[in-house]
Amino acid sequence: MTTYSSFHDRSLTDRENFWRDEARLIDWEAPFASVLDYSRPPFAKWFVGGRTNLCHNAVDRHLAGRADQPALIYISTETDQQAQYTYAELHDEVNCVAAMLTAHGVGRGDRVLIYMPMIVEAVFAMLACARIGAIHSVVFGGFAAASLATRIDDAKPAMMITADAGMRSGKVIAYKPLVDEALRIARHPPRKVILVNRGLDASLVMNAGRDVDYAALRREHAGARVPCEWLESSEPSYILFTSGTTGQPKGVQRDTGGYAVALASSMRRIFCLQPGETMFCTSDIGWVVGHSYIVYGPLINGSPTILYEGLPIRPDAGIWWKIVETHQVRTMFSSPTATRVLKKQDVSFMRRHDLSSLRYLFLAGEPLDEPTARWAADALGVAIVDNYWQTETGWPILAAQLGVEDTPRKFGSPSFPVYGYDVKLVDGATGRDVAVGEKGVLTIAPPLPPGCMTTVWGNDERFVSTYFSTIPGRQLYSTFDWATRDADGYYFVLGRTDDVINVAGHRIGTREIEEAVQAHPGIAEVAVVGIHDEVKGQVPIAFAVAKDPTRVANAAQADSMRREVLQTVDRELGAIARPSTVHFVTLLPKTRSGKLLRRSIQALAEARDPGDLTTIEDPGALDQIRAALGASG
Ligand code: AMP
């Protein structure tokens, strides 16, 4: 019998044979000549010379045998729409979008920026890009015009696909004005914009010559067939931007063959899903979890996948359980934040549904606290699988691998390193391995396994300097997370080592929020820190210095300035990054060399000891922080 530990050991000690076996899970148009080319560390090329296509593996491959079985199940509790596509119907729709793209001259290696709500056309668009070898870059629909423009300029897309509007909690959120604004300020706007008109925004204005209507194109290209473009395994499949410590987001670049193999393998060994069994992942296509486990993973596996637009508690807190019952969901994937939201609801919403099909609830994106994990395990009676990973890796780094061995879970721990990952906990200052129970930086000894980022889009140097150059004396990939390991080998993730915060599972750089706050002309400087929040894990709060102190001299003035600042953040970055409050001070705590003491501010805001303050320039600044917190608390 294979044990987890023998499986993991083999993945590292007999790396090439291990991955050669896993690579059989997908179709190759031409076989690879070698499993791994690691001649230029830390850049790894997997399945060199092999030719494949993500769309072929996710769609076409299943036409023989599954053509009439469900592939994509759409449910929107915002618009009260439902739709179901078999593999054959999905194939039709994807071909049609592929034809729209090629008709506009989009081809292999071109970028297509997808800025869409949770609608089926978003999935068709992603798969159509993969089909023709175009590189998609999906930007989360919650990002505002300025952030969208930054991402456009980095990706330099040939085409953009968007929609008139999204909907949240019954409220229409117009996308088009924001897209127009982003294209106005972008230096490299695409030539064409395909727009899906959901009929949600009556004031929609099309830009003649640039904007084209999806429905009209769909009619024009109905029934079209576009062959899959066979890509060399290392050719990029997509770019996905993620936040870091600088204000400039990084484009995580993913390959084709390695990603397909990693996902196919993870569906069996981690997510325990057989072809034909249904997956319900509640993430958004704008995040990595949505890419891997709403779109590509389940479809590559031949499993129906559910695309859900809406909240977990609307029309009532039973909606997700109703979906599980109706569609016989076997594997569900959600976030700790959503679980904490549901935990506050009456458990009868869950009990009134037959959940006997459900076997697993996977949770990722942020630390899963023990009470939440315990509640979910008790309420659902299924395995709760905490899994830890990042946009960069594309699939889990730490997780119980129940398809390999049914190892017991410990609440609060995402269990063990996933096969293929050579995880090392190291001392950030010296680079030495830390002892059992000791806190260290969670790193991965390269080569990174298949599926992980291959570089930063357009910037190899940044890939090396950001991820592989922070641990003294060793070329290790840093996750920028702290962790410990207990005597039984279980890992516990403790939080970020950098100035990145995690709000409801979404990674946001505090620097990005600070830049957005400073876009308000009345703000001289600002410090943003993340503080603990019962539901969202963390929320950002800001301490700002007004250029003209008389503008925030009394409570009413401060209130009005605060509103303006929050609106600025909404406009610059998006509401997901909006600080829960803005405190006005006249001085920020800094070291004598001018570095913001964010950790001390954060400690004070969480009522902890601010730590070593010997380097502080003016201790009075901390008193101001205390006073501001005291006044509001
Ligand atoms: P993102 O790339 O936006 O998905 O964010 C990745 C970050 O989220 C990681 O570096 C961790 O800080 C955090 N994270 C993701 N999953 C977990 C987990 N299961 N437990 C603890 N932290 C997590």
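Nineteen residues, written 19 in the count, line the second largest pocket, and Gln 81, Val 120, Glu 121, Val 196 and Arg 198 lie nearest its centre. Two or more lining residues come from each of β5 (81-86), α6 (120-132) and α9 (214-221), and β5 gives the most, with four. The lining has 10 nonpolar, four polar and five charged residues, and the pocket's volume is about 350 Å³.

This is a predicted model, where local features need pLDDT of at least 70 and side-chain atom pairs count only at pLDDT 80 or more, while totals for chains, interfaces and linings use all residues. Residues are numbered from 1 along each chain as its sequence is written, and side-chain values use heavy atoms, without hydrogens and water.

Now to the backbone. Most residues other than glycine have a negative phi, and most peptide bonds are trans. The bond from Pro 41 to Pro 42 is cis, with omega near 0°, and Pro 42 sits in the loop between β1 (34-40) and β2 (43-48). Arg 314 and Pro 315 are also joined by a cis peptide bond, with omega about 0°; Pro 315 is in the loop between β17 (305-309) and α12 (319-327).

| Residue | Phi | Relative accessible area |
|---|---|---|
| Gln 328 | near 50° | 48%, partly exposed |
| Ser 415 | near 60° | 1%, buried |

Gln 328 lies in the loop between α12 and β18 (329-334), and Ser 415 in the one between β20 (383-386) and β21 (423-426).Some terms: a pocket is an open set of points on a 1 Å grid where a 1.4 Å probe fits, with protein on both sides within 12 Å along at least five of seven lines, and lining residues have an atom within 4 Å of a point. Volume is the space filled by probe spheres set on the points. Helices (H or I, at least four residues) and strands (E, at least two) are DSSP runs. Nonpolar means Ala, Val, Leu, Ile, Met, Phe, Trp, Tyr, Cys and Pro, charged means Asp, Glu, Lys and Arg, and polar the others. Buried is under 20% relative accessible area, exposed over 50%, partly exposed in between (1.4 Å probe).
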